[in-house]
Every structure is written in C-alpha cells, then in structure tokens.
Amino acid sequence: MGKKGGNAKTKAKQAARKAAQLEAQRQLDALRAARDLANPLSALPAPFTAFKRNGIDANVEFFTAQTLPEADKLALHKILDQNMAPIYGQEDWDEEAGADKRKELAENDARVLIIRGGAAAETASPATSPVKAPAETSSEKAAETKASTDVLAFMHFRYEIEEECLLLYIYELQVADREDARRKGLGKFMLMLAEMLSKKSGFGGVMFTVQKNNAAALKFYQSCKYTADAISPCNVDPMADDEDYSYEVRSCGRGARIRTEIFSERTLCTSQVSHRNCLALPDLQQSVGRGREGDARQASCRSEEDVGS
C-alpha cells in the first residue's frame, strides 16, 4: 500500500516537472515570437495607430533600437533630460542616470513607440528649468531641431519574462514638456497601447517601475488602476525603512494576480526574526536587489503623462 502511494507521488512529481518544462518552453517560444515581430502595431485596429483628439493630429510609429532614426533618438534624449533630471536631481542625472537611459534605448531588446504630431512650436513648461547638455555639432543640432518639433511622446518597452510570467515591461513612458502635448491624454493612450500589445502576444499584463518621489506619476498610475506588484519592495520587504527603496514596481493584468497568489503563499519573515534577517526566498531578494542596485528597470518607467496626468 505504501509502495503504491509512493509511486503515485513520484508520478505526480514527474508530471508536474514535465508540465513546468512545457510551460517554460511555451513562454520562451512566445517571448521569441513577440521579439521577432516586425511591427506589433500591425496587429492592432487602425484607431490605435493614430491619436486624433484633444487638438492633436498624430500618428504612432514603431521602432527597434536598430531602426530608430538618429534625429528621433536625439529628441527622445532631450525629452528624458527635461522630464527626468528634476526627478533624479541634476547632479545624479548628469553623472550617471542620464547616460544609463541613453544606453538602455540602444540595447538590442529595446522597442520604441513614438507619437509623432505636426510641426507645432515647442513650448517648455514654466516648471522646467533648462538642462545643461554637451556641445553639439551643427548636424546634431539640425537633427534635434527637426525631431523636437514633431515627437510628442514616446514609450520604451520590452517583452520579458518576470517571475515566470510573460510581461510587457515599460522602461520609459514620456510625454514631451510642451503645451501642445501635456494634458491631452497621450499617457493614458500609450498605456492602453501597452496593454493591447501585451494581450495580442498572449502575455500576462504590463509592469513598470516608478520613483516614489514622482508624486504626479504615482497619482496618474493609480488613476489607471496600476497597483503595487507582489514583487514591489513595499510588499516584499514591508518592514523596510522608506529610504531603503526609492521606487515601486507597479503592474496590471493576469500576471499581477498570479504573482500575488504565488507570493502570498511564501513566508517572507517570521515574528521572531527582524526584517533584516527575513526568510525571503532568493528569487524575491533578487527581484528587489535588481532595483536597488540600479538595474535598467529600477529607473525604467518614470511615467510622464503630463508628469502623471
């Protein structure tokens, strides 16, 4: 009797292992398929390849890191400088964060959506102070001037597997700091695009990281029903001091619910042990550690729909 029971358990474990292997392979195949898409926008209905409301007449364009035109790249860098230097602090941005952002945009897995409008005059927000930039050649200035007149917003995203879930991970969601772009609904529109692209690829939702001191962005994401993910530091290490983590991980979709179910079953701490000696599982520690050490996603999505509309 005992032997039969043992055999049944062994078979169950083998079946579970086999199922896990098949699922892992399925995810890898889906990830490759998504990354190989020539233009994921082609799978969306026509209304989602343009933004024509609130006084804006713009189109949505898709690029990889390899196909992104130099003129547009310069425009994206400028938008990042204007939007993110105040969040990081000018010194930190000039010394490290700004360069990291530019490097991320050039990495092979980077995918970019640009919302391109007419040649409206650029108008800086009164709250934005000029950002110092290195001297440019005349050709660079010409390219940047051309790009800065029509790039209204952009999203840098990647198809990834996070905690055994297929996700569309937003690294950047930025709206240009100009009156003809802010408070027009561009940020919400890009989030909608991200959700649709994730669903079309059979992924489990959308995830991003946002700085805790970016109050406008946090308010914006909250209004869009994006909440702290199970792997966000506030959930993984709830007893940590506020200054221990400068960011939150937010998400929405089926994957978020799955991770919540998984991690709710794991004991992170016991009442007899301080939070510094938590019984956190290695994968959870790694998830938080990536952010704390400045992984691409730690600084990845400082959403800027009107700096959080």
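The structure holds 14 salt bridges, a salt bridge being a side-chain nitrogen of Lys or Arg within 4 Å of a carboxyl oxygen of Asp or Glu. The model is predicted: local features need pLDDT of at least 70, side-chain atom pairs count only at pLDDT 80 or more, and totals for chains, interfaces and linings use all residues. Residues are numbered from 1 along each chain as its sequence is written, and side-chain values use heavy atoms, with hydrogens and water left out.

One of the salt bridges pairs Arg102 with Asp81. Their closest N and O atoms lie 2.8 Å apart. The pair links distant parts of the chain, 21 residues apart. Arg102 sits in helix H3 (residues 90-105), and Asp81 in helix H2 (residues 70-88). Helices (H or I, at least four residues) and strands (E, at least two) are DSSP runs, numbered from the N terminus. Arg102 has 28% relative accessibility, so this residue counts as partly exposed. Asp81, at 11%, counts as buried. Here buried means under 20% relative accessible area, exposed over 50%, and partly exposed in between (1.4 Å probe, protein chains only).

Arg182 and Asp177 also form a salt bridge, with an N to O distance of 3.8 Å. Both of these residues are buried. In another salt bridge, the side chains of Arg178 and Asp180 meet at 2.7 Å, N to O. Arg178 counts as buried because its relative accessibility is 2%. Asp180 counts as partly exposed, at 23% relative accessibility. Elsewhere, salt bridges that share partners join Glu61, Asp72, Arg116 and Asp150 into one network.

Helix H6 spans residues 215-223. Its residues Ala217, Leu218, Phe220 and Tyr221 are buried. Seen down the helix axis, the buried residues of H6 fall within an arc of 160°, so they line one face of the helix. The arc is that of the directions from the helix axis to the C-beta atoms. An α-helix has 3.6 residues a turn, so residues three or four places apart point the same way. On the other side of H6, Ala215 and Lys219 are exposed.

Just after H6, Lys225 takes a positive phi of about 70°.
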